[in-house]
Each structure stands twice: as C-alpha cells, then as structure tokens.
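Please read it alongside the sequence and the coordinates.

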Amino acid sequence: MRIPCPWCGDRPLSEFTYGGDASKKRPKHPEKASAEAWLDYVYLRDNPAGKHTEYWHHSGGCRAWLKVTRDTRSHEISKAVLARPQSDGARS
Amino acid sequence: MSRQSNRLHQGGLIDRTREISFTFDGRALTAHPGDTLSSALLANGIHLTGRSFKYHRPRGIYTAGAEEPNALVTLGNGGRTAPNTPATMVEVYEGLEAHSQNRWPSLKFDLLAVNSLLKPFFPAGFYYKTFMWPRSFWYRLYEPMIRRAAGLGTLANESDPDHYEKAHAQCDVLIVGAGPAGLMAAREAAHSGTSVLLADDHSFPGGHLTGEAIEIDGQPCAPWAAGISDELKDMENVRLIQRTTVYGRYDGMTFGAVERVGDHLVPDSATPRQRSWTIHAKQLINATGAIERPLVFTGNDRPGVMLAGAARVYVNRFGVLPGRNVVVFTNNDDAYRTARDLSQAGATVTLVDSRAEEKVSARGILPEHVEVHFGQCISKVKGRSHVHRAMLAPSGTELDCDLVCVSGGWTPSLHLLSHVGHRPIWDEARTCFLMKEPGNDARAAGGAAATFDLNEVLSEGAKAGRAAAKSCGHGSPGNSKLPKAENLPAYALEPLWRVPGSVSRADAAFVDLQNDVTVADLELAQREGFGHAEHAKRYTTLGMATDQGKLANMNALGILAELQGCPIAETGTTTFRPLTAPVAFGAIAGQTRGKAFRPVRHSAMHHWHEIHNAVFTHAGLWMRPYYYPRKGEDFAAAVKREVLSVRSSVGMVDVSTLGKIELKGPDAGVFLDRLYINSFSRMRVNRARYGVMLREDGMVFDDGTVSRLGPDHYFITVTTANASAVMQHMEFCHQVHWPQLDVQFCTVSEAWAAMAVAGPNSRDVLARTVKGLKLDNDTFPFMAVGEGTIAGAPARIFRISFSGELAYEVYTPAGFGAGVWEAIMEAGKPDGITSYGTEAMTVMRTEKGHVAGPELDGRTTAADLGLGQMMSTRKDFIGRWMTDRSGLAGKDRLQLVGLKPVRVDETFHMGAHLVNDQGVTGVDVSQGHITTSVYSPTCGHFIGLALLRSGRARSGEQLYAVSPLHDESVTVEVVNPVFTDPNGEKMRG
Amino acid sequence: MADKPTPQSPLKRHSQPAPQPGLSVEEVPGMTQVQVILRKHKGPGPLEGLAKDGVSICTTGPGEFWAFSEQHDTHGTEKRLGKVLGESASLFDQSHGRLVLRIEGPGALEVLARGTPLDLAKMPAASATHTVIEHIPVLIARHRTTGRYDISVPRSYAVSFIAWLAEAI
C-alpha cells in the first residue's frame with residue numbers, strides 16, 4: 001500500500017506510522033470539558049466499513065503528520081493533507 | 001530401453017547439437033539444452049515420476065507448465081535440496097540431480113501404497129471421525145504416524161548456501177505474460193513512449209506459442225514471438241524479465257515477483273539463485289493466459305494420462321513424442337490440434353469427443369486416418385503404473401493405448417486481477433469465470449480474458465497496450481498493422497464436469513490430483529452439509545495443495561453445482577490470494593539473513609567496549625555492554641564488582657543510546673509544560689530537572705531529564721526504548737494540538753555521545769580532565785548544567801544521578817566520544833575507575849528505587865509510582881484530565897513498593913505474584929507482582945521493586961512471592977523502595 | 001589547552017566497499033550538516049545565494065531544510081545561514097550525528113534500487129529526501145552532477161549500512 005504524502009509524493013506504507021481516528025479532537029478547553037467528553041476523546045471510536053479519516057505520521061520521510069481519508073474496505077486513499085493547518089505559510 | 005527413445009528425429013526448439021547428462025533417482029540419463037526435466041524424462045520414456053500424497057498411487061507427468069500437480073521432484077542435495085519442484089519448470093543443466101518424492105523404498109515399489117487399500121478409512125475429513133480411540137493413542141501413535149506419512153518432499157536440515165537478492169522496479173505498465181497478447185500489448189505500449197515491464201515465467205518468450213505449430217504472418221509462431229521480443233529488448237523504455245513469476249498483487253499497484261536467475265545454471269557463488277522483485281506500476285495487463293483442465297473419469301490419474309495442450313507442447317517445443325498409441329478425449333475443439341500434431345509426428349491417434357458430430361467444426365484439420373468417436377466418453381482407463389486401455393461409454397468400445405490426452409476446456413488465469421478483492425463473475429456463454437470489472441488500473445487480454453481465437457488475441461493485446469499507455473498519459477502514434485495468424489477452428493466447448501452415469505468407482509475419479517481428492521469426496525462433503533465452495537475446499541482439502549487447485553477448482557465447482565442442482569453462477573468461487581505459486585523463503589529474505597537480518601546500532605565508544613571484553617546485550621537495535629567480565633569472573637561476580645566499585649570509588653557507563661531532543665524558540669518552555677506533569681518554563685538556565693510524561697489516558701508514558709541551556713533553548717533526554725515514540729508524540733502535539741506555538745525541535749540522539757561518571761570519586765576524576773568548568777559543589781551543585789572541554793573536545797556536563805551516587809553525565813559531539821571516554825578512563829586510573837554495563841546500572845537504580853521500563857508498563861499512573869506530588873495542578877498537560885478518573889484514584893491501586901526476602905539467601909523472580917496465602921492459586925488472589933528483581937551487592941541480598949495493592953500502607957507486611965513457572969514460593973517483606981541512602985545525601989554532596 | 005581533536009568516523013576500522021566499474025562509493029569526511037526548521041509566520045529570504053557561498057540547502061519537509069557544506073565548519077555554515085534566514089528559523093547541528101557516503105556512477109541507481117522503492121530516477125537534481133533503506137533512516141541528496149548521490153546515514157547505523165551496501169553492489 002502506498003500513501004500519497006502531500007509533501008513527498010507516493011511513499012510505501014513502511015515509511016508511515018498509524019495514528020488513529022482523525023475525527024476525534026482534543027477538547028478545546030480541557031479544564032472545562034466533562035469527564036464524558038474526555039472519555040469520548042480518548043477511548044470511543046467508530047469503526048466504519050467505508051471512508052475513514054485517520055492520522056498517519058510520515059516517520060520515515062518528512063515527519064509530517066497527515067490526515068488521510070482511506071476506504072477501510074479497499075484501502076483506496078481518496079485524500080491526504082498535512083494535519084498541521086497551513087495558514088501560517090510554513091510551506092516554502 | 002534405448003537412449004531418448006521418445007525423441008523425435010527433428011523439430012522442437014532444443015539444441016540438438018549438444019547433449020547434457022543428468023540423473024533421476026540415481027539413473028544416468030541424457031537431454032538437450034532447452035529441455036525441461038519433464039520433457040527430458042518423457043524423451044527417455046519415463047512417465048512415472050512420483051507417488052500421490054494420500055494414497056501413494058503411481059503418478060506421471062500431467063502438464064507442461066507451472067500448474068503441474070503430479071511431477072514434483074526434489075532437486076539437488078545438501079543445503080541446496082529443493083523439494084516439491086515441478087519438473088515441468090526445471091531447466092535441465094549438466095549434472096542436474098533429481099529425485100522422486102513420497103515413496104519408500106522406491107518409486108516402483110512403494111510400501112505406503114498400502115494406503116490405497118485402506119482408502120475406505122481415509123475419505124475426506126477422516127481425521128475428524130477416525131483415530132479417536134483410545135484417546136491416549138492419539139498423542140503416542142496416531143498423530144506421529146500421520147505426521148510422518150504426511151507431506152510430499154522433505155526439507156534439508158542444512159543452511160542454504162545460495163545467495164538471493166531483492167530489488168525494486170518502477171514502470172508505468174506491467175504486463176504479465178509474454179505470450180501473443182502480452183507481446184502485442186508490450187509493443188503497442190512501448191511505441192507510445194510509456195515505460196513497460198514485461199515479465200514471463202518461461203525461459204524465453206512466446207507463451208503458449210512456443211508449443212504450437214501455427215503460422216503468424218507466414219512464419220512459425222515461436223520464431224515470430226522471438227522476433228517481437230528482440231524488437232522490445234532494443235527499446236530503452238522496455239524491461240523484459242524471463243523466468244519470472246509475478247506471484248502477487250498488493251494494494252497500491254505493488255506486485256511481488258520472483259526471478260529464477262540461477263536455477264538453470266550450475267550453482268556458483270557469484271550468481272544469485274533467485275531475485276525477488278517488488279514492482280510498482282500504474283497499470284496492469286494480465287496476459288497470463290488460461291490453464292487447461294482435465295476431464296474427470298475413473299483412473300484419470302494414471303501415468304500416461306496428461307493434458308492435451310501439454311502433449312502437443314512436448315511435440316512442438318521439445319521434439320518429444322510422449323506415446324505412440326494415443327487416445328485424445330475432449331469436450332472442445334482445441335484438443336483437435338493435439339490429435340493433428342501427434343498424428344503428424346508419427347503416433348496412431350484416436351479421438352473421443354463427448355459432443356455430437358454436428359456440433360464439431362474442427363474435424364477438417366485432422367489427418368484422414370484419425371478415427372473419431374463422437375458422443376462418447378472415456379468412462380475408465382486401466383493400467384496401474386501406466387495406462388494401457390481406455391473404455392468408452394456408452395458404446396462399450398475398448399481401446400488399447402499408451403497415452404491418453406484429456407481436455408475439459410480452458411480456465412482463464414485471473415489471480416492477479418483478483419488478489420485485491422475483486423470477485424470473478426461466471427460467464428455462462430464462455431463457461432468460465434471472468435473478471436468483468438477489473439477496475440481502472442487493470443485489464444485482461446488473451447486467454448486470461450477467455451479470448452482463444454489467435455487473431456482476436458493479437459488484436460485484444462494490442463488494444464490493451466494502447467489503452468494502458470493512454471491511462472498513463474501516453475497517446476498512441478496510431479494503429480500499427482496487426483499480424484495475421486492462420487485461421488483455426490473455434491473453441492466450441494460443451495461443459496462436461498465429470499463423465500456421467502457409468503462411472504464405476506467414483507472414489508477413483510480424481511478431481512484434485514495433488515491432494516488425492518475424488519468425486520466421492522465431493523459427494524461426501526455435499527452429504528455432510530459442506531457443499532458450498534468455501535466449505536468443500538476445507539472439508540476435502542481440494543485446491544489446498546502446492547498447485548492451489550489450478551487443474552481442480554473449476555471441475556470441482558461444476559460437480560458441486562450439479563450435486564446441489566444449482567447453476568454455477570450461484571456456487572461462487574473461493575478467494576484468490578497471493579502467492580500464485582510457491583516461492584522459496586530465501587527469495588523473500590533476500591540479503592536480510594543472519595547478521596544482516598536487521599541493522600545493529602553502535603555507540604561511538606563501541607570499539608573500546610569490544611576490546612575491553614564487554615559482553616553485549618540488545619536494547620532494541622542497539623548493542624550495549626551488559627557487563628565487563630575480568631579473568632575468571634562469571635556474570636554475577638562481574639556485576640557485583642562493578643556495583644561495589646562505583647559505590648566505593650568511581651565507575652563509568654556508556655549512555656549514548658538515550659533519546660535526545662533539542663528544542664528552540666520562545667514557546668519551547670510552554671510546550672514542555674504541556675507535555676510533562678511538572679513545569680519547565682520557569683526553570684533557571686543551566687539547570688536540569690527530572691520529568692515524567694503521561695499518555696492522554698493518564699498512564700505514565702516516559703521519564704527523563706529536561707535541561708535549560710538558554711532562555712529559548714532546551715535539551716531533553718528520554719528513555720532508549722521510547723526515543724522514537726516520544727519524538728512522534730511531540731511532533732503530533734505540536735502539529736495537531738498546538739501548531740501556534742513558536743517552538744522548533746528535532747532529534748539529536750545520534751549527534752551526542754554520552755557517558756555517566758558515578759561514585760564518590762567522580763568529581764575528583766572529572767576535575768582532572770575537564771577544562772573551563774569548575775566542578776566544586778558550590779559552583780556546580782546537584783542538577784547543574786555546564787560546558788567545558790575534555791581533551792580538547794567540547795563537553796556538556798549535567799550533574800544528574802541515576803545510580804544515586806555523586807554523578808555527572810558527560811555529553812560530547814559523537815565524533816569525539818571515543819576520545820573523551822578514553823581521557824576520562826585515563827584520568828580515573830588513580831582511583832581504579834571501572835567501566836560498568838547495563839546490568840550494574842539496573843542494580844544500582846533498583847537499589848535507589850528509581851522506576852524504569854518494567855514499572856512504566858502502560859498501566860501505572862504517576863501516583864502509583866510514588867510520583868504523584870510532581871503533578872502540577874496549574875496547567876494543562878497531556879494526561880492531566882484523565883488522571884482524575886475515580887478508577888485511577890482509589891487506595892487499592894497497585895502501588896510501588898520495595899521487597900526483600902525474609903530469609904536472607906533466598907531469591908525471587910521478576911513477574912512473581914504476591915499473595916497472602918501460600919498454596920492458593922488463581923488470578924484473583926494476586927495482590928500484585930514483582931517488576932524488577934536483582935541481587936544487591938550493597939545490601940548483600942536480593943531486592944525487588946513491586947506493584948502491590950495499597951502498597952504504601954503495607955510497609956513491614958510479609959507476603960509470599962510465588963512463581964508457578966519456576967516452582968517457587970518465597971516469603972518477602974514489604975519495605976521502602978529506596979534501599980540505600982534514603983535521603984539522597986550522596987548525590988547532593 | 002589540547003588542540004581540538006579530529007572527529008572520528010564511525011567507519012574507522014571498517015573497510016569501505018571496493019570500487020567497481022561504473023560505481024564509486026566514498027565517505028565524505030567532515031561534511032557539515034545543519035537541520036533548519038522554520039518558525040511560523042515567516043518564510044526565508046532568497047536561498048540561491050547560499051550555493052555560491054559553499055552551502056547547499058534542500059527542502060526536506062514542510063518548513064524544514066537540510067544544509068550541507070564541504071567547505072565550511074558548523075560555525076561558518078550557521079553564520080551563512082543566519083545571513084539569509086535571519087530570525088526566521090532555528091538551526092540544529094547534525095554534523096556529528098550522520099556520516100555522508102557519496103555514491104557515484106551509472107550503476108548508482110541500480111544499487112540504490114535494491115534498497116528503496118523510491119523512483120530515484122524521478123528525483124529532481126539538487127534535491128534531498130528522507131526515506132528508509134532496509135530499516136535504516138537515510139537522507140538521499142541528488143547532486144546536479146548526473147549519477148552522483150550523497151547518502152546521509154545516522155552514525156549508529158553506519159556499520160550496518162555499509163554492510164548492506166557492500167552486498168547490494
């Protein structure tokens with residue numbers, strides 16, 4: 001399987017490390033969030049048969065964390081973007 | 001028997017000017033370059049090549065290709081022994097040694113053929129129903145007996161002396177199969193400018209054309225194919241690899257293939273035996289052709305019965321006539337070419353066609369004298385070690401014969417289209433499964449698409465090549481002229497899954513030859529409720545042999561459909577999975593064997609450790625000194641000496657393997673505050689502090705040291721084992737959680753060599769060699785950080801202690817590591833400085849109650865480990881909020897304690913459980929477990945760290961430490977985990 | 001005060017692969033390597049001037065560069081980088097942590113293809129990329145000169161990498 005890193009291009013799976021469901025967001029105000037909100041963030045995961053947006057770390061390459069949309073049935077990857085918001089113009 | 005009695009005087013693609021010698025079962029035989037082992041054996045009149053798996057029935061050569069079920073031989077000897085090799089794929093070379101398998105004492109006289117007589121006891125699934133009583137006999141007798149009888153070839157117990165390679169290849173279009181479809185596709189794709197990789201599993205291109213007597217553009221088809229291939233070889237954008245099996249298709253258009261580079265050559269050390277390819281392509285053209293299937297009737301497994309297509313390959317490609325009195329039995333027109341070719345080679349041929357005469361159009365290509373029986377089937381052949389008679393039904397005619405050629409039709413080879421999960425669909429008109437929707441990046445051409453008319457094949461191949469090239473963005477220059485093949489009769493098959501009615505013994509009508517699965521077995525599976533294709537496969541083992549049922553699967557599906565009275569479209573197929581053919585482990589391993597299996601990592605001081613007699617241990621990929629035995633010392637003596645030397649004077653240990661991360665930027669301190677349970681943004685410059693990191697679920701993740709080198713400059717160390725995990729975690733936190741933080745960090749683990757100098761004399765030793773930094777206690781107190789030089793090399797020194805002694809960690813750029821280490825050893829000579837290894841380091845940190853890997857097992861919180869007071873309540877950090885869960889706050893949590901044996905000379909094991917009552921076992925009586933246990937020279941007895949329920953409230957209590965695995969039960973007392981210098985005076989002085 | 005010692009190569013005492021027709025493999029000793037990580041909000045100034053000044057710089061990731069210099073030591077290299085980058089980046093010296101092997105010749109691609117699935121033929125000249133060869137993280141830099149590649153290997157893996165390379169040749 002190959003993942004299209006937006007920076008490096010298509011790279012083999014062995015260069016990446018899986019990071020779990022990317023739809024889960026750490027509570028924006030951690031001190032105010034309820035125990036349930038934390039439980040949900042840390043433990044609860046959907047397991048869809050279909051498109052799944054997930055984190056992958058390009059650990060063997062540019063070391064960017066990516067948000068990848070993969071179909072869990074066919075492994076077809078429809079989208080891969082940098083996880084870090086790009087509004088600060090970091091890309092040169 | 002005269003030499004090469006079955007060799008025709010002319011014809012074939014072999015080199016008749018040279019002769020090769022080889023042996024089979026010790027018998028000296030001759031062949032020609034270009035022969036395969038099967039053609040050479042047939043040339044010498046040898047059909048009998050092995051005994052079947054279960055019943056030990058005599059078996060002969062059935063095919064001319066990789067789908068061979070019977071003629072599996074063992075090649076070579078010693079470490080080069082290669083069992084279960086299909087004789088049809090072995091290219092004969094001078095001195096080749098081959099042996100038949102699965103027989104004792106000999107092929108002709110095999111004692112285990114008695115299994116044949118015991119056949120009623122060995123139907124499909126027998127091991128679920130027999131050999132059950134008496135129960136004790138299973139382990140003692142039945143199982144060992146069955147194991148010995150199982151299997152075909154035998155592995156050598158020697159190391160493989162050959163070497164193997166691995167390589168990657170990139171191409172736009174991968175074409176599998178260099179037959180007519182593949183060659184045309186390659187030519188069209190190549191002319192469009194796209195990059196092409198053409199892989200073919202035979203030794204030269206042409207596919208099935210190498211075994212046919214057909215003309216293309218007025219020349220014989222084999223030289224025509226060679227011409228196309230020569231044209232391709234000259235093109236820069238084409239790579240052609242022969243002797244290569246593409247065995248699997250994986251996600252992302254990645255393919256696995258194995259190239260038999262040296263199998264056909266006399267083994268030598270320079271040439272790799274095989275090369276394993278990982279191919280990355282954009283488009284696949286599956287031009288793998290189709291595989292012929294047998295017809296199913298009683299005795300269809302006898303030596304002398306073979307596929308019709310194979311028989312004419314032996315005549316046309318190898319110049320071998322496998323029999324002189326031939327019966328051809330078919331349900332389609334393709335086998336008529338066999339009748340023609342064998343007849344023209346001098347055999348007497350009778351053709352038996354299951355179809356009615358009016359359905360047949362191929363009669364015209366047969367020579368006049370060939371007798372044809374229409375509407376008849378072979379119901380049975382006779383002959384134990386070789387076929388000699390065929391009985392027809394319904395007419396009852398009996399024919400003498402020495403060769404029976406069978407053709408039940410052709411099954412398109414779909415594997416590579418199906419490996420990624422696409423399911424083939426039944427095509428009723430063409431009586432086969434086809435991949436109707438192979439996806440956007442793959443297509444089939446030729447036999448693999450059930451196209452059998454040669455002119456259509458050529459056209460389809462060309463079209464596929466153009467389409468694939470177009471998908472890669474290369475337009476075609478225009479339709480080049482198609483070659484013209486001679487017209488041949490259409491395929492016109494009438495399905496005949498098994499000869500009906502008068503099959504006298506269904507238990508000797510074979511469907512899967514290699515696994516000895518008969519029609520009776522399929523009938524049994526259906527009766528017992530295992531009639532679905534997936535069930536029948538596992539119940540009967542049909543399709544599970546090394547040939548993966550290539551000749552069996554389609555017939556089996558047809559028979560099951562008939563037994564169930566439902567159409568084949570509803571039986572479905574079993575799933576195709578890689579590998580399509582057996583591949584040697586050596587090819588998969590390539591160069592990564594033995595020492596090269598995985599990399600090892602060495603510190604800058606590795607050579608010094610080696611020459612000073614270090615015994616090494618693995619820490620992940622690192623090789624670390626475990627202990628340094630002196631003359632006459634064993635492990636225990638060396639470790640004891642090392643610990644006592646450090647605690648009484650001074651020692652040094654290499655800690656270069658620690659993960660090291662450097663951070664810069666105005667928000668570096670804030671970032672660290674959010675990662676660790678304690679705070680760093682306000683610590684002083686040139687100070688170090690112990691830090692603990694949690695996972696988001698509140699469990700301790702890692703611990704280490706954080707040092708501040710400047711207002712916006714930090715340097716942290718993390719445990720060796722977690723170095724990459726922590727780095728990854730930090731990158732995630734920065735890129736995902738807090739991208740707005742102005743902090744930049746990277747790993748510098750490799751850039752720094754590191755060593756810890758520990759012991760009461762450590763200050764004096766360092767003072768002798770460190771320049772530019774004063775080390776007295778007032779200037780350089782506990783937890784201070786400073787810079788100086790040692791032997792001219794820059795050195796960063798941290799006064800931190802893992803051992804509990806007065807200690808300093810010295811960091812220097814790695815290129816200077818060896819020099820600095822040697823300078824310190826030299827400076828320490830007057831104090832008897834000792835190098836110590838990871839075991840002494842472990843003993844000392846245990847004596848001081850420091851937690852390390854075994855305590856940070858992913859289930860312990862900071863509070864469990866006695867570090868709860870370090871947790872800040874005034875900031876957000878990873879893991880803070882889940883720590884508050886009630887389940888993690890209870891008093892009955894497993895808490896860190898120390899243990900010592902009540903009887904001073906007793907020992908206990910890491911992993912032992914702590915219980916109140918001796919002798920009572922069971923998971924729920926465990927009060928906790930021992931995480932670390934070592935002999936402590938400082939205390940003079942064994943000590944341990946353990947996690948014990950409500951441990952901190954149980955000081956002084958006595959418990960049993962039990963380890964049923966070691967048959968051990970020891971009385972222990974719960975004590976303070978800090979066994980020596982509990983106030984830490986030594987390290988602060 | 002002792003003179004500053006010479007950094008020791010991790011390949012000291014290990015033989016380098018013998019030269020082959022069409023392929024040369026050599027360690028480039030003393031190559032300065034600096035990892036450059038951009039701070040947010042600010043991009044760097046023009047980077048072309050650095051090449052004329054003896055410092056090659058290639059992007060290796062979002063907001064990240066790797067600078068090589070055979071001419072200048074760390075101090076000199078960081079000074080020159082500072083002139084162009086100003087406050088817009090943090091610099092980290094990696095010179096001691098990695099050794100550089102220069103692989104050159106028409107056979108270079110084929111040897112490297114034994115270890116990496118990357119299509120190195122498509123790699124732009126004067127660019128660099130991180131990847132993994134047989135479990136060893138490496139940085140491959142392709143020179144403007146055809147067929148010349150610099151492989152930056154972490155020093156602890158050096159001996160294993162050379163062993164792989166010797167087999168692959």
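In which strand of chain B does B:Ile291 lie? B:Ile291 belongs to strand E18 of chain B, which covers residues 290-292. The model is predicted.

**The surroundings of B:Ile291**

- B:Ile291 has 21 other C-beta atoms within 10 Å and is therefore buried, the cut-off being 20 or more.
- Leaving out residues up to four places away in sequence, B:Ile291 touches B:Glu67, B:Trp410, B:Thr411, B:Ser413, B:Lys550 and B:Leu551.

**Chain B overall**

- Chain B has 989 residues, of which 54% count as buried.
- Its secondary structure consists of 24 helices and 52 strands.
- Along the principal axes, the C-alpha atoms of chain B occupy a box of roughly 115 × 75 × 55 Å.
- When contacts in chain B between residues at least 6 apart in sequence are considered, 68% join residues at least 24 apart.

**Domains of chain B**

- The domain assignment of chain B lists domain 1 (1-157), domain 2 (165-289 + 412-471), domain 3 (605-657 + 751-836), domain 4 (659-747) and domain 5 (889-988).
- Domain 2 and domain 3 of chain B are each given as two segments, 165-289 with 412-471 and 605-657 with 751-836 respectively.
- The C-alpha centres of domain 2 of chain B and domain 5 of chain B are separated by 66 Å.

**A five-stranded sheet in chain B**

- An open sheet of 5 strands in chain B has the order E2-E1-E7-E5-E6, with mixed pairing.
- Its edges are strand E2 (27-31) and strand E6 (82-86) of chain B, each of which pairs on one side only.
- On average, and with direction ignored, neighbouring strands of this sheet are turned by 40° against each other.
- Strand E5 (residues 72-75) and strand E7 (residues 96-100) of chain B run antiparallel and are joined by 3 bridges.
- B:Val73 has B:Ser100 in E7(B) as its bridge partner.

**Helix H8 of chain B**

- Helix H8 (residues 335-344) of chain B is mostly covered, since 8 of its 10 residues are buried.
- The buried residues in H8(B) are B:Ala335, B:Tyr336, B:Arg337, B:Thr338, B:Ala339, B:Arg340, B:Asp341 and B:Leu342.
- These buried residues pack against helix H7 (308-316) and against strands E20 (325-330), E21 (348-353) and E26 (403-407) of chain B.
- Just after H8(B), B:Gly346 adopts a positive phi of about 110°.

**Nonpolar cores**

- The largest nonpolar core has 315 residues, and those touching the most other members are B:Ala185, B:Val328, B:Val404, B:Val757 and B:Ala961.
- Apart from this core lies another, of 13 residues, which include A:Cys5, A:Trp7, A:Trp56 and A:Trp65.
- Neighbours within four places in sequence aside, B:Val757 is in contact with B:Val650, B:Met652, B:Ser762, B:Val765, B:Leu766, B:Ala807, B:Tyr808, B:Val810 and B:Ile824.

**Contact between chains B and C**

- The contact brings together 36 residues of chain B and 36 residues of chain C.
- On the chain B side, the elements that give two or more residues are strands E8 (165-170), E16 (275-280), E36 (659-664) and E40 (744-747), together with helix H21 (817-827).
- E8(B) supplies the largest share of this side, namely 5 residues.
- By class, the side of chain B that touches chain C has 13 nonpolar, 14 polar and 9 charged residues.

**Domains of chain C**

- Chain C is divided into domain 1 (24-29 + 97-168) and domain 2 (32-95).
- The C-alpha centres of these two domains of chain C lie 21 Å apart.
- Their contact takes 11 residues from domain 1 of chain C and 7 residues from domain 2 of chain C.
- On the domain 1 side, strand E7 (127-133) and strand E8 (136-142) of chain C are the elements that give two or more residues.
- E7(C) gives the most to that side, with 4 residues.
- The residues of the domain 1 side divide into 5 nonpolar, 5 polar and 1 charged.

Key
Residues numbered from 1 in each chain as written. Chains lettered and ligands numbered in written order. Predicted model: local features only at pLDDT ≥ 70, side-chain atom pairs only at ≥ 80, totals over all residues. Buried ≥ 20, exposed ≤ 12 C-beta atoms within 10 Å, placed from the backbone. Contact = placed C-beta atoms within 7 Å. Nonpolar A, V, L, I, M, F, W, Y, C, P; charged D, E, K, R; others polar. Domains from an automatic or database assignment. Pairing = 2+ DSSP bridges. Axes fitted to C-alpha atoms, helices over the stretch in contact; angles between N-to-C directions. Core = buried A, V, L, I, M, F, W, Y, C linked by C-beta atoms within 7 Å.
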